[in-house]
Amino acid sequence: MSLAPVPVTAGGRRKSPPRSRAPGEPRRIGYLFILPAVLVYAGFVFAPFLHSIYLSFFEGNGITRMEFVGVANYVDIATNPVLRSAFIHALELIVFYSIIPIAIGLLLASVLHRSRIRGVAFYRTALFLPYVIAPTAIAVIWRWILAPRGPLNSFLEAVGLGALATPWLGDFTWALPSVGLVGTWVMFGLALALLLAGAQKIPLELYEAVRLDGGGLWTEFRAVTLPGLRYEIVVALVLTTTAALRNFDIIYVMTSGGPGNATVVPSYLVYQQAFKVAQIGAAAAMGTVLILAIVGVNLLITRMARGSS
Amino acid sequence: MSERVVFDGVSVTYPGMSAPALREVSLEVPEGELLVLVGPSGCGKSTFLRALAGLEGVSAGRILIGDRDVTRVPAKDRDVAMVFQNYALYPQMTVAQNMGFALKVAKVPKDEIKTRVGAAARLLDLEPYLDRKPGALSGGQRQRVAMGRAIVREPQAFLMDEPLSNLDAKLRVQTRAQIATLQRRLGTTMVYVTHDQVEAMTLGDRVAILKDGEIQQVDSPAAVYDRPVNAFVASFIGSPSMNLAEVDVVDAGVSLAGTTIPVDREVLAKVTSGRALLGVRPEDLDVVGSGVAITVELVEMLGADTYIYGRLSEGPLLVARVDPSIRPALGSVVHVMPSRTYLFAAEGDQSLLG
């Protein structure tokens with residue numbers, strides 16, 4: 001491929017290079033440079049995505065002939081209580097994956113960044129660690145901790161709270177919160193690391209200014225910490241809500257959607273429909289709705305952040 | 001309401017530091033006065049201001065604002081306003097919101113906030129910028145917003161922490177004059193911290209010079225210039241700073257590089273060890289036919305004045321501020337003679353005059 005710079009080829013005709021565009025303006029040749037990435041993206045992300053939208057209008061197992069069914073798969077998601085509950089569970093998981101970790105993170109960040117704590121770097125790493133561990137490993141560990149005869153129940157019995165002991169992951173009331181709290185444990189480190197980094201950029205004089213302006217701790221938080229962490233909060237929200245919505249590994253390993261359908265989530269259903277019961281069309285429709293939900297929630301978050309600035 | 005500020009034996013020691021940042025400082029700033037605290041970095045002047053604001057705890061002594069003992073009162077209840085070196089404006093708020101924030105916290109009615117912010121904005125030429133955010137303002141405008149935020153409060157005292165140090169030289173001179181005018185018009189007690197002795201001399205009703213956490217002298221700008229209590233104050237106030245040289249006491253004077261400089265007998269009588277520190281301001285050194293010989297090393301021509309830097313045959317570099325018509329060649333020898341001298345004790349630097 002010959003990529004002669006533009007001014008040289010132009011130089012043959014004119015004495016001085018043409019000033020048709022401002023310096024730094026995009027040139028058409030730039031597209032050539034992003035072509036490899038575009039090809040990879042189109043081949044491995046965009047084409048399968050379009051194909052899956054296409055498949056979502058069919059019914060079949062993907063091997064024999066597929067039958068066109070229109071929007072029936074989508075109607076099913078809206079009407080079938082199991083499919084619908086998967087999305088409701090996903091929304092509930094957002095509380096555990098994003099809202100609780102970010103709320104605790106904000107509280108700790110606003111306290112921590114002003115006090116000199118010995119070994120802050122150690123705690124930061126320790127709290128961030130769960131986010132680094134493979135979700136499957138985390139799920140295995142917590143499944144063990146929460147098992148009917150696992151460490152948590154043994155501990156409760158040892159301290160005389162045996163009445164509280166319950167088969168956490170087998171209980172219809174507790175299964176989803178239990179899985180959710182594992183998400184809280186994982187995401188909290190991420191939220192805190194992000195928010196602490198952001199809080200360190202806030203000049204301490206701003207807090208002093210609030211105090212001299214007659215404000216207390218709540219005013220400091222509202223007038224300085226919260227606005228100062230706006231971008232970090234948005235990033236944390238986007239990352240954690242996405243993780244909550246597309247959650248698969250932890251559910252798969254810990255509960256497989258059970259007991260009953262108490263912890264069924266969209267990603268798990270996609271997997272189940274596609275590979276367990278071979279309903280390719282239904283799985284594709286589910287996946288499409290999930291993607292739209294993720295994009296929608298993220299748009300909402302960024303829109304709200306822009307509105308409040 | 002403007003109130004006096006009193007420091008009564010105040011000491012501040014930072015955690016983990018052995019030496020206190022402020023050492024038993026006692027000082028009264030009468031109501032309506034503009035006091036400038038000046039000193040080299042690390043002298044404790046910012047600590048003084050932060051202790052007064054309530055941002056720094058006091059380890060000993062009392063702080064009074066008016067007749068109210070505020071030593072243990074938290075910053076938010078002290079009713080003082082501070083202008084920070086980097087202004088500390090709330091970045092997400094508009095200029096109007098920044099200026100009115102303290103009133104909003106104090107639950108002042110919206111209409112009154114608007115009136116008071118409007119009045120302050122008029123005073124500071126900020127009216128066109130009320131709806132802008134600090135990020136869209138120039139350094140000088142931000143500085144005025146910070147001032148506005150303090151004025152709107154109508155506090156008992158203004159605290160200024162090097163408010164001009166982030167401005168360029170020209171703007172600094174302008175704003176300096178503006179602050180002085182404003183303070184006189186409002187009549188509010190102001191404690192102003194700076195490391196710049198020119199600001200101290202031009203702004204202050206009185207100037208307090210600090211060193212190592214201790215007040216060296218508190219007096220009017222003219223008095224600290226004319227009657228410095230020790231060699232530190234003498235060399236800190238005035239530009240270029242005072243020439244200081246260790247000298248031997250001889251009959252009827254002191255000997256500087258072999259030349260006898262006459263000194264009053266009364267003053268000489270106070271010298272105990274036979275040696276003293278002679279101080280001569282550059283503006284008091286005249287070029288004469290015969291006197292102290294110096295070898296010219298540098299000549300700075302400033303237009304109205306010329307500074308001659310010359311070295312004694314033995315000892316330090318001397319600076320003389322002379323008439324611009326005098327232009328000695330580099331390396332030439334000129335003779336200078338002081339028209340006025342200061343004498344300090346060789347031990348302890350205390351002034352031996354007056």
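## Report on chains A and B

Tyr31(A), Leu32(A), Phe33(A), Ile34(A), Leu35(A), Val38(A) and Leu39(A) make a nonpolar surface patch of about 710 Å². The model is predicted: local features need pLDDT of at least 70 and side-chain atom pairs pLDDT 80 or more, while totals for chains, interfaces and linings use all residues. Residues are numbered from 1 along each chain as its sequence is written, and side-chain values use heavy atoms, without hydrogens and water. Patch residues have over 30% relative accessible area and no salt bridge, with nonpolar side chains joined within 5 Å; a salt bridge is a side-chain nitrogen of Lys or Arg within 4 Å of a carboxyl oxygen of Asp or Glu. Areas follow the Shrake-Rupley method with a 1.4 Å probe.

Helix H8 of chain A (residues 175-200) is largely enclosed by the rest of the structure, because 19 of its 26 residues are buried. H8(A) bends by about 30° at Met187(A), the angle between axes fitted to the seven residues ending there and the seven starting there.

Chain B holds nine helices and 20 strands, which are DSSP runs (helices H or I, at least four residues; strands E, at least two). Of its 354 residues, 51% count as buried. The C-alpha trace of chain B spans about 75 × 45 × 35 Å along its principal axes.

Key. Chains are lettered from A and ligands numbered from 1 in the order in which they are written. Buried means under 20% relative accessible area, exposed over 50%, partly exposed in between (1.4 Å probe, protein chains only). Patches are made of residues with over 30% relative accessible area and no salt bridge: like charges are joined within 9 Å, nonpolar side chains (Val, Leu, Ile, Met, Phe, Trp, Tyr) within 5 Å.
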